[in-house]
Amino acid sequence: MSRIHSDEAGTSSSKPPKASHQAPAALRPLPSLIFASRWLQLPLYLGLIAAQGVYVWHFLLELWHLVEAVFGNKEALQALITNIGYKSDVQITHLNETIIMLVVLALIDVVMISNLLIMVIVGGYETFVSRMGLESHPDQPEWLSHVNASVLKVKLALSIIGISSIHLLKSFINAGSYEVQVLMWQTIIHVVFLLSALAIALTDKLTQSAHQH
């Protein structure tokens, strides 16, 4: 009896293990062509990377002007005033708190737009083009592990609200350089962004609830 059991055990152990992953089925020519067309988006993402480089250059240039203005460089100070659109009734000969705040907000604005670009580049490529295989990478973004088209839309909407908030804050700090109508329309547009983000988040939540049921 023990010999029979040992023979059965040897027979069962000699069976080849089942494949855990089946080979993907070959697509027909037309579906294969349509599916491969997703790679047409690659130049778009490469273009966004180039735009990211432009923003980095702009950030460093503004930061350099700020440092020069701190040490009394008049040309750098005038460049900062022109870039931030600051207007004053008196001639400005040195940095003041308002100019520094506006410049810092402009730098934060560049950083937030840069973050938005990274989110679109990495999340969009991962969602619509090809997997990047970052699961074992220590620097994998936390949000990338559960990103999809719906999550990406919500994150983009929230990023746009953050950028709009920075622009609105810059306008309020420098309110003397704007007409009341301009400030009013900026506020209305910001509220529209908020409502749009809420609508996108609500739609995504209702869609997930419908899928669960």
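The legends below accompany close-up views of a predicted model of one protein chain.

**View 1. Overall fold and confidence of the predicted chain.** The model is predicted, so that local features need pLDDT of at least 70 and side-chain atom pairs count only at pLDDT 80 or more, while totals for chains, interfaces and linings use all residues. Residues are numbered from 1 along each chain as its sequence is written, and side-chain values use heavy atoms, with hydrogens and water left out. The secondary structure of the protein chain comprises 7 helices and 0 strands, and along the sequence its pattern reads α-α-α-α-α-α-α; helices (H or I, at least four residues) and strands (E, at least two) are DSSP runs, numbered from the N terminus. The average pLDDT, the predictor's confidence in each residue on a scale from 0 to 100, is 80 for the protein chain, and 82% of the residues score at least 70. Among the elements, helix α1 (residues 2-13) has the lowest mean pLDDT (48), whereas α3 has the highest (93). Over residues 1-21 the pLDDT stays under 50, and the model has 0 contacts beyond four places in sequence for this stretch, a contact being heavy atoms within 4.5 Å.

**View 2. Surface and burial of the chain.** Of the 213 residues of the protein chain, 27% count as buried, where buried means under 20% relative accessible area, exposed over 50%, and partly exposed in between (1.4 Å probe, protein chains only). The accessible surface comes to about 15100 Å², of which 66% belongs to carbon and sulfur atoms; accessible areas come from the Shrake-Rupley method with a 1.4 Å probe, and for residues only the protein chains shown count as cover. Among contacts in the protein chain with a separation of 6 or more, 61% are accounted for by residues 24 or more positions apart.

**View 3. Nonpolar patch that includes Val-56.** Val-56, Leu-60, Leu-63, Trp-64, Val-67, Val-70 and Phe-71 form a nonpolar patch on the surface, and together they have about 710 Å² of accessible area. Patches are made of residues with over 30% relative accessible area and no salt bridge, like charges being joined within 9 Å and nonpolar side chains (Val, Leu, Ile, Met, Phe, Trp, Tyr) within 5 Å. Val-56 is found in helix α3 (residues 42-70) and counts as partly exposed, at 42% relative accessibility.

View 4. The structure holds 2 aromatic pairs, for which rings of Phe, Tyr and Trp (its six-membered ring) must have centres within 6.5 Å, with planes under 30 degrees apart counted as stacked, over 60 as edge-to-face and the rest as tilted. The rings of Trp-39 and Tyr-125 have centres 6.3 Å apart and planes at 70 degrees, so this pair is edge-to-face. Because Trp-39 lies in the loop between α2 (29-36) and α3 and Tyr-125 in helix α5 (residues 97-128), the pair ties together parts that are 86 residues apart in sequence. Trp-39 is partly exposed at 36% relative accessibility, whereas Tyr-125 is buried, with a relative accessible area of 17%. Tyr-45 and Tyr-125 also form an edge-to-face aromatic pair, 6.3 Å centre to centre and with 85 degrees between the planes; since Tyr-45 lies in helix α3 and Tyr-125 in helix α5, this pair ties together parts that are 80 residues apart in sequence. Tyr-45 counts as buried at 9% relative accessibility, and ring pairs link Trp-39, Tyr-45 and Tyr-125 into a cluster.

**View 5. Surroundings of His-65.** His-65 has its place in helix α3 and is buried, with a relative accessible area of 15%. Not counting residues up to four places away in sequence, His-65 touches Ala-76, Ala-79, Leu-80 and Asn-83.

View 6. Side chains of opposite charge can pair when their charged atoms come close. Counting a side-chain nitrogen of Lys or Arg within 4 Å of a carboxyl oxygen of Asp or Glu as a salt bridge, the count comes to 1 salt bridge. Here the side chains of Glu-126 and Arg-131 meet at 3.2 Å, N to O; Glu-126 is buried at 8% relative accessibility, whereas Arg-131 is exposed, with a relative accessible area of 65%.

**View 7. Surroundings of Ala-197.** Ala-197 has its place in helix α7 (residues 180-212) and is buried, with a relative accessible area of 9%. Leaving aside neighbours within four places in sequence, Ala-197 is in contact with Ala-157 and Ile-161. Ala-197 and Ile-161 are 36 residues apart in sequence and, C-alpha to C-alpha, 7.9 Å apart in space.
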